[in-house]
Amino acid sequence: MAPEHGRKNEDPELGEAKEVEGQSLVGAEGGYADENGQPRESSDPSAASAQRFGERDRNCCENKGCFGMFWILLLSFILFSFVLGIATNRPWMGALGVLSLIPAFLILYFVYWRTHRHLVEMHRVINMFCWGIVGGIPCAFLELLIAFIFARVTGFSLQSSEEENRESVSHIVISALFAAFFVAALCEEFLKYYLVVEFPNGVKGAQSAYSVVVLATAGALGFATLENVGYVFHDSTGASISVAIMRAILAVPLHAATGMIIGLNVGQALMEAKRPVIWEVLWLPILLHGTYDGVLMLSVGLKREDEFIGDLGIVAFLIPILALSYATRRIWKLPQDWFESEVNQRLIR
């Protein structure tokens, strides 16, 4: 006999059926579903939120299988580094594999895991970290395309500012500043913004304003890790150890700091119930990133012209410190409602 629609269960402890507007509903993990197993929207914000997260396994990038695959690939990369080092008689390669990963996970520990891991599920943080890595690939091709177009249109070589001083000082300055601000900073910071604002795993599923900061930082560190691996393994000599250490101190914290600032700016806009304006969010990260890269490029490109300019690269070391200090200070001063899950009702869907 077919079940009667709208019939109430006399013992709520024994059955899961509930009557809602004459339609039989069966309990579903993270929410309710109708007789066909389809999820049903709830007018209760907390129930709707639970239902949304109950559907996370439908996303291949967020289910337990992919989550476990991430850790398998991570360990495989480290193991491959050690095996490659032994096979090529370069024992430091294993250390490089570890050093290229440690900075990102150390920063994530302090920003997310140490005190705020209850605000964002780990699989979502790992998901954003992975998409930061994946997004870095088309971002690199875009940077190469912009550099190529710039060189063809102007006749200036962006490589000469970093390698040999074959052009005039003005050409080197223009090339270095363009590469720093319009190639590296603009493309890379826009990627971080896109991941947290437009990507489905960003603000559209955030449970609190601070979770936006965590996700933005995770995406930035994913990109930084890809870039770090590329720079570190580009040099097959023992000097690559010093490159790994310097990038762990400077480049990775700078990427993390700009990611934090983007998350803070986006979170602030959402707390005010308005859509983030891209230039209001990105102007400071682009300025910090471009200044850091520009100073380093100028110090390399002009070192033959003036030793003092060559030493200017030391100034660039201060920028990641200042950026990270600024971002962490803003986080420490956040009001309590940034950490409350009820804030998700203000977020832009």
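**Helix packing in a predicted model**

Helices α6 and α10 cross in a right-handed sense (right-handed means the near helix is turned clockwise from the far one by less than a right angle, left-handed anticlockwise). The model is predicted: local features need pLDDT of at least 70, side-chain atom pairs count only at pLDDT 80 or more, and totals for chains, interfaces and linings use all residues. Residue numbers run from 1 along each chain as its sequence is written, and side-chain values use heavy atoms, without hydrogens and water.

**Chain overview**

- The chain has 13 helices and four strands (DSSP runs numbered from the N terminus: helices are H or I of at least four residues, strands E of at least two).
- There are 349 residues, and 43% of them count as buried (under 20% relative accessible area, with a 1.4 Å probe and protein chains only).
- Among contacts with a separation of 6 or more, 69% link residues 24 or more positions apart (contact means heavy atoms within 4.5 Å).

**α6 with α10**

- Helix α6 covers residues 169-197; its axis lies 7 Å from that of α10, at an angle of about 140 degrees (axes are lines fitted to C-alpha atoms over the stretch in contact; angles run from 0 to 180 degrees between N-to-C directions).
- The α6 contact with α10 holds 21 nonpolar, five polar and three charged residues (nonpolar: Ala, Val, Leu, Ile, Met, Phe, Trp, Tyr, Cys and Pro; charged: Asp, Glu, Lys and Arg; polar: the others, Gly among them).

**α9 with α10**

- Helix α9 (residues 251-271) packs on helix α10 (residues 278-301) at about 165 degrees, with the axes 8 Å apart.
- α9 is therefore roughly antiparallel to α10 (angles over 145 degrees; under 35 is roughly parallel, 65 to 115 roughly perpendicular, the rest oblique).
- This crossing of α9 and α10 is right-handed.
- From α9, the contact includes Leu254, His255 and Ile262; from α10, it includes Glu280, Leu288 and Tyr292.
- Eleven nonpolar, four polar and one charged residues make up the contact of α9 with α10.

**α5 with α7**

- Helix α5 (residues 122-154) meets helix α7 (residues 209-234) at about 45 degrees, with the axes 7 Å apart.
- The two helices, α5 and α7, are therefore oblique to each other.
- α5 passes α7 in a right-handed crossing.
- Residues of α5 in this contact include Arg124, Gly132 and Gly136; those of α7 include Ala218, Gly219 and Gly222.
- The contact of α5 with α7 counts twelve nonpolar, five polar and one charged residues.

How values were computed: Buried means under 20% relative accessible area, exposed over 50%, partly exposed in between (1.4 Å probe, protein chains only).
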